[in-house]
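Hi there,

Here is the structure I promised to pass on to you. My notes on it follow below.

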Amino acid sequence: MNPNNKQNYIKKIAEVKSISIAAELLGISQPALSAYLKKTESELGTVLFDRSRQPLELTETGQAYMAYLEKEAALQKELEQNLADIDELNTGRITVGGAGFFNIAYLPGTVAAFAAEYPGVEIEIVDGKVPELVTMAQKGMLDLFITPVADEPDRFVYEELLEEQIYLAVPADWEINEKLAGKAFDGEDREQPVLTEEEFGCLCENTFIVLKSDQDIGRKIEALFDRYQCQPARRIIAEQTMTTLALTQSGVGISLITESSIRNSGLKKKPALYRADEEICSRKMYIAYPRNKYLSRASMEFMRALKESNR
């Protein structure tokens, strides 16, 4: 076995808490993996897993060893990034994170342009909620991530990507659109009138599709309910913006949708779009990266391309 695979082997055992299952997933025999684990423990002079417990659990020294492997992987990645810089980006790797719909709305044009300019640089795109992305970036698992939240300036650098409007999306064939004639967004005029409390109250007589409050759009819809002092007749809670948009398009209910989502979603049948409270229904998006982390040239070039493609 290649000793350079030790991180994958030990990590997989810790992840699935079973030597036999880990061996199967790694495509090696259980005796071979057991022998490798024993050899590693012998070299370290400690026991990494408590074999008296099922499923297996890391010992205290095993936890320390896993932390070491994570640091080792981060250092290895930083070395590769430095070498890639020297090699004029003929090789290299960049990992970018964002919530699922962020990646759909903001990344396609950027990735296409960047891949064409630097075909030797491997690009990995990670989907996840912002708290997960923050943790991954701190552990060196992400180079950059897209976020609407810039609340940890001591730990991260936030570079503004864009500022965009957020609209109330109403199924196109709902009768209420007739009552709101003249208020709908026509796709060009960003200065269309904002809904009054009475008009928003009419919308609240219907079903709203909302995201959970741990997401920016989820918090904004709840802020609108507070601002206009009304609650929807019914809530349907979804996990992803893609789901809320699909449900609105299917006539299920009203949701919030961003300007970039409208532009990049490829909708064949767009919902009717309305502006609500101006302060709530706008946001800035940022590209973030750890403040004390080495930022590779590939990362800097990707940020440049990201800003250019989202102007």
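**A surface patch, a cavity and some backbone notes**

Leu79 counts as partly exposed because its relative accessibility is 44% (buried means under 20% relative accessible area, exposed over 50%, partly exposed in between, with a 1.4 Å probe and protein chains only). Leu79 sits in helix H4, residues 60–86 (helices, H or I with at least four residues, and strands, E with at least two, are DSSP runs numbered from the N terminus). Together with Leu83 and Ile86, Leu79 makes a nonpolar surface patch of about 320 Å². Patches here are made of residues with over 30% relative accessible area and no salt bridge, with like charges joined within 9 Å and nonpolar side chains (Val, Leu, Ile, Met, Phe, Trp, Tyr) within 5 Å. A salt bridge is a side-chain nitrogen of Lys or Arg within 4 Å of a carboxyl oxygen of Asp or Glu, and accessible areas come from the Shrake-Rupley method with a 1.4 Å probe.

Before you go further: this is a predicted model, where local features need pLDDT of at least 70 and side-chain atom pairs count only at pLDDT 80 or more, while totals for chains, interfaces and linings use all residues. Residues are numbered from 1 along each chain as its sequence is written, and side-chain values use heavy atoms, leaving out hydrogens and water.

Now for the inside. There is one cavity of 30 Å³ or more (on a 1 Å grid over the protein atoms alone, a set of points where a 1.4 Å probe fits but cannot get out; lining residues have an atom within 4 Å of a point). The largest cavity holds about 50 Å³ of space, taken as the space filled by probe spheres set on the points. Its lining includes Ile209, Val210, Leu211, Thr241 and Ser255. Strand E7 (207–211), helix H10 (216–228), helix H11 (241–249) and strand E9 (255–258) each give two or more residues to that lining, and E7 gives the most, with three. By class, six lining residues are nonpolar, three are polar and none is charged.

Finally, the backbone. Most residues other than glycine have a negative phi, and most peptide bonds are trans. Lys17, in the loop between helix H1 (6–16) and helix H2 (19–26), has a positive phi near 60 degrees. Leu89 also has a positive phi, of about 60 degrees, and is found in the loop between H4 and strand E3 (92–98). Lys17 is partly exposed at 31% relative accessible area, whereas Leu89 is buried at 3%. The peptide bond from Gln54 to Pro55 is cis, and Pro55 lies in the loop between strand E1 (49–50) and strand E2 (57–58).

Best wishes

Key: On a 1 Å grid over the protein atoms alone, a cavity is a set of points where a 1.4 Å probe fits but cannot get out, and a pocket is an open set with protein on both sides within 12 Å along at least five of seven lines; lining residues have an atom within 4 Å of a point. Ala, Val, Leu, Ile, Met, Phe, Trp, Tyr, Cys and Pro count as nonpolar, Asp, Glu, Lys and Arg as charged, and the others, Gly among them, as polar.
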